[in-house]
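Here's a quick walk through this fold, meant to be read with the structure open beside you. We'll start with the overall layout and then stop at a few individual residues.

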Amino acid sequence: MKNTIFKIEGLRCDGCASTVKALVEKEPGVKAAAASFKDGEARILYDPETVTEDRLAAIIERPGYRVTARL
């Protein structure tokens, strides 16, 4: 398992964070996800053999948000 924090630009409210969380949790290989409007980030625990960081970033950016960093 791997844990990555994605810094996200464009989250305007808690609803935006909930959208990111819901989209990421649907992806096979993701074990847990949390997103925070206040912190402007998503924390994702995933299996790197099933899903890549690039794939997760693409999922986050699909609705119009922008991943600015990966920690």
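## Ground rules

Helices (H or I, at least four residues) and strands (E, at least two) are DSSP runs, numbered from the N terminus. This is a predicted model, where local features need pLDDT of at least 70 and side-chain atom pairs count only at pLDDT 80 or more, while totals for chains, interfaces and linings use all residues. Residues are numbered from 1 along each chain as its sequence is written, and side-chain values use heavy atoms, with hydrogens and water left out.

## The overall fold

The protein has two helices and four strands, and reading along the sequence gives you the pattern β-α-β-β-α-β. Its radius of gyration is 11 Å, close to the 11 Å that the globule rule gives for 71 residues, so the protein is as compact as a globular protein of that length. (The radius is taken over C-alpha atoms, and the globule rule is 2.2 Å times the number of residues to the power 0.38.) Along the principal axes, the C-alpha trace spans about 30 × 20 × 20 Å.

What share of the 71 residues counts as buried? That would be 38%, where buried means under 20% relative accessible area, exposed means over 50%, and partly exposed is in between (1.4 Å probe, protein chains only). The protein exposes about 4100 Å², with carbon and sulfur atoms supplying 49% of that; these areas come from the Shrake-Rupley method with a 1.4 Å probe, and for residues only the protein chains shown count as cover. As for contacts (heavy atoms within 4.5 Å), take those with a separation of 6 or more: residues 24 or more positions apart account for 61% of them.

## Helix H1

H1 covers residues 14–25, and at 1.5 Å a residue its 12 residues should span 16 Å; the end C-alpha atoms are 16 Å apart, which agrees. (The expected span is 1.5 Å times one less than the number of residues.) Its buried residues are Cys16, Ala17, Val20 and Val24. Looking down the axis of H1, they fall within an arc of 100°, so they line one face of the helix; the arc is that of the directions from the helix axis to the C-beta atoms. They pack against strands S1 (2–9), S2 (30–36) and S3 (41–46), plus helix H2 (53–61).

Serine 18 also sits in H1, but it counts as partly exposed, at 47% relative accessibility. From serine 18 to threonine 52 is 34 residues in sequence and 21 Å in space, C-alpha to C-alpha.

## Helix H2 and glutamate 53

In H2 the buried set is Glu53, Leu56, Ala57, Ile59 and Ile60. Seen down the H2 axis, these residues fall within an arc of 160°, so they too line one face of their helix. Their packing partners are S1, H1, S2, S3 and strand S4 (66–70).

Glutamate 53 is worth a click. Its side chain makes polar contacts with the side chains of threonine 4, at 3.1 Å, and tyrosine 46, at 3.3 Å. (A polar contact is a pair of N or O atoms within 3.5 Å; within protein, one must be able to donate a hydrogen and the other to accept it, and residues adjacent in sequence count only if both atoms are side-chain atoms.) Not counting residues up to four places away in sequence, glutamate 53 touches Lys2, Thr4, Phe6, Tyr46 and Arg70.

The side chains of glutamate 41 and lysine 7 are joined by a polar contact of 2.8 Å. Beyond four places in sequence, the contacts of glutamate 41 include Ile5, Phe6, Leu11 and Ala34.

Lysine 7 turns up again with valine 67, which lies in strand S4: their C-alpha atoms are separated by 5.7 Å, though they're 60 residues apart along the chain. Valine 67 is buried, with a relative accessible area of 14%. Leaving out residues up to four places away in sequence, valine 67 touches Phe6, Lys7, Ala57, Ile60 and Glu61.

## Proline 28 in the loop

Proline 28 lies in the loop between H1 and S2 and is exposed, with a relative accessible area of 53%. Apart from neighbours within four places in sequence, proline 28 is in contact with Thr50 and Val51. Its C-alpha is 8.8 Å from that of tyrosine 46, 18 residues away along the chain.
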